[in-house]
Every structure is written in structure tokens, then in C-alpha cells.
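Please read this note with the model open beside it. The points below go through side-chain contacts and where they sit.

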Amino acid sequence: MSAFRLRELTESDADEVARLFVEAWGEARRMNGDEIRQWLANEALQAENLLVVVDDDDRVVGYFDVWPEGESVDVDLAAPGLWEETLDHAENRARALGAKRVRTFVSEGHDLAERISGRGYRPIRSSWTMEIEFGVEAPAEPVIPDGIEIRPYRHPHDERAVYEALQDAFADHWDFHPEPIEQWREFTVKWRNFDPDVWLVALAGDEVVGASLNYPERADDPGHGFVGTIGVRRPWRRRGVGEALLRRTFALLHARGVRKVRLSVDSQNPTGATRLYERVGMSVLRQSNTWEREL
């Protein structure tokens, strides 16, 4: 019989779970207890799907959460030294939710890849974290395309228009799933480091045609700014709108004292985003791979 059991994540577990993520994933998943505590406050995340593995003394030795998405369940986990047992629990939870397949995410070169390959997982997609570093001199301001205005986001006035523009912009991306605005809010305007002054909106007349949702730093991983989401509606692509948003983002964050900026992108993005990011001077910092297993 296993010496370990499952229970729901609590606020008192937060610091230990954050430590597990850093131990398991290193720089790729640096976080602190405040971020974990925000997961508990996030109304889009169900408590019964945020689980810790504990020993007989109720000491946290592993963590996983599951996110149902159609017929799949995404699993995020941190369980150094206890990967197999934690994966067993996660896959059982996915089955209980009626999933036909399960997915998880592994940093390139991590030894967990060999473990999950032996369990029947196969890699299906990869994403890149890309980075640019600046010196003291401010990056150049962008050339704004004719007929386009780029201005700061106005909260809450712009909220729905930006939400709708980004849902539209990502509709042709791999594995896109529409999300209700209530869920979107939990991960954007209600997130703990939300700062409307560094969000940017691109408009053609009164229509929002693109947006860049930026953060001057991640509170759990200081030292660089982060472009959380950047997107342009399809009819307005290849006109320089995305590049203008990105270059304005760089200038804005640099004025805040930020010298490194990062973002994440699907390495096979169909819109040419990776080429844009390389053109403005970004390079690949690391890769994460999505692995999938049929249940």
C-alpha cells in the first residue's frame, strides 16, 4: 500500500509547492508562494483539481493540477523524486473527469521526458520562451502603420473590446478553445501583477484590431518584463501592427527600467509570429514540449 495520499491544495501548502516547482524545473518555473495562493483565489480553477501528494506526516512531496479542455485534460505537475506516483494520480483524475487523452508539458532536455515516453506519451507540439536584452539606450519607437492608433489600455472601458479582439486573433491558432470573458478576466485583469499602464491597444478607427498585454516584471521572477499576450486580428495582419505593438512595448518597459523582455510562443505558430520576434531581435531562451497520451 502506498505511503502517500492526495488532498486538496491549501494556502499553508503554497510555499512548499512553489519550492517543489523550482526544484523540479529550475529557472523554467521559478515562482513563489504568492503565485500559488493566487491559484486558490482564481475562480476559474476548481479546488478539487488542485491537488497535493502528502506523506504520513502530511508533508507535501508532490503537486499536480488538471485542466479539462474538451476531450483532453492538461496536467501540470511538480514532484521531484515522486514523478511516477504523481502521474498515476493525475491520470486517474483525468479518467474520472471523462478525458480521452491527457497532456503534460516538459522542458526540453528534462529527464521527465524519458519517463513519460515509457508511459506511452508522445511529443505533439513545442513552445519557445524568447528573450531580448537592452542596454541603457532606449529602443527605437516604432513606425505606426497608416490608419492605426496605438494607445494605452483603459480599464475597464476597453476590457470587452480587447477580450473579443484577442479571442478573434487566436481563433486560428493550434488547439485554440474559446473562453468566456469571466475566465479570461481571472488570468488577466484580476491577476496580481496586472498593470493597465503597460497594456497596449491597436485601433483602426473605433475598432480594436490588436493588443499587447504586458507586465513590467513577474513578481515571482523579477529581472525581466513579460509580454503575456500579443495578437492581431487576421484582416490586419502583415501590415506592421504586431511589430508596432511589440516595439512600443519594448520602449514602454525600458522606460520602466526593464532591460530584458520575454514572451512565450508556439514554435509552429501559423501567423509568422516567430519570424517577427526574431526580426525585432528576440532569440530562443528555452523550449517546452507538449506530450500527449491516449487514455
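Which salt bridge do the side chains of D76 and R29 make, and at what N to O distance?

1. The side chains of D76 and R29 meet in a salt bridge at 2.9 Å, N to O. The term means a side-chain nitrogen of Lys or Arg within 4 Å of a carboxyl oxygen of Asp or Glu. This pair links distant parts of the chain, 47 residues apart. D76 is in strand β4 (residues 72-78), and R29 is in the loop between α1 (14-25) and α2 (33-41). Helices (H or I, at least four residues) and strands (E, at least two) are DSSP runs, numbered from the N terminus.

2. A word on the basis. This is a predicted model, where local features need pLDDT of at least 70 and side-chain atom pairs count only at pLDDT 80 or more, while totals for chains, interfaces and linings use all residues. Residues are numbered from 1 along each chain as its sequence is written, and side-chain values use heavy atoms, with hydrogens and water left out.

3. How accessible are D76 and R29? D76 counts as buried because its relative accessibility is 15%. R29 has a relative accessible area of 25%, so R29 is partly exposed. Buried means under 20% relative accessible area, exposed over 50%, and partly exposed in between (1.4 Å probe, protein chains only).

4. A search of the whole structure finds 36 salt bridges. One of them joins the side chains of R185 and E159, at 2.8 Å, N to O. R185 lies in helix α6 (residues 181-186) and E159 in helix α5 (residues 159-169), so this pair ties together parts 26 residues apart in sequence. E159 is buried, at 9% relative accessibility. R185 is partly exposed, at 25%.

5. Helix α5 also holds both R160 and E164. Their side chains meet in a salt bridge at 3.9 Å, N to O. The two residues are four apart, about one turn of the helix. R160 is partly exposed at 45% relative accessibility, and E164 is partly exposed at 38%.

6. Salt bridges also form a network. It links E84, D88, E91, R115, R119 and R293.

7. Now the rings. The structure holds twelve aromatic pairs. Rings of Phe, Tyr and Trp (its six-membered ring) pair if their centres lie within 6.5 Å; planes under 30 degrees apart count as stacked, over 60 as edge-to-face and the rest as tilted. Y153 and F194 have ring centres 6.4 Å apart and planes at 80 degrees, so they are edge-to-face. Y153 lies in the loop between β7 (149-152) and α5, and F194 in the loop between α6 and β8 (200-204), so the pair ties together parts 41 residues apart in sequence. Y153 is buried at 4% relative accessible area. F194 is buried at 19% relative accessibility.

8. Which residues do ring pairs link into a cluster? They are Y153, Y163, W184, F194 and W199.

9. R239 lies over the face of W236, 4.4 Å from the ring centre. The criterion is NZ of Lys or CZ of Arg within 6 Å of the ring centre and within 35 degrees of the ring normal.

10. Last, N269. This residue lies in the loop between β11 (260-266) and α8 (273-279). N269 is buried, with a relative accessible area of 11%. N269 and S126 are 143 residues apart in sequence, yet 10.0 Å apart in space, C-alpha to C-alpha.
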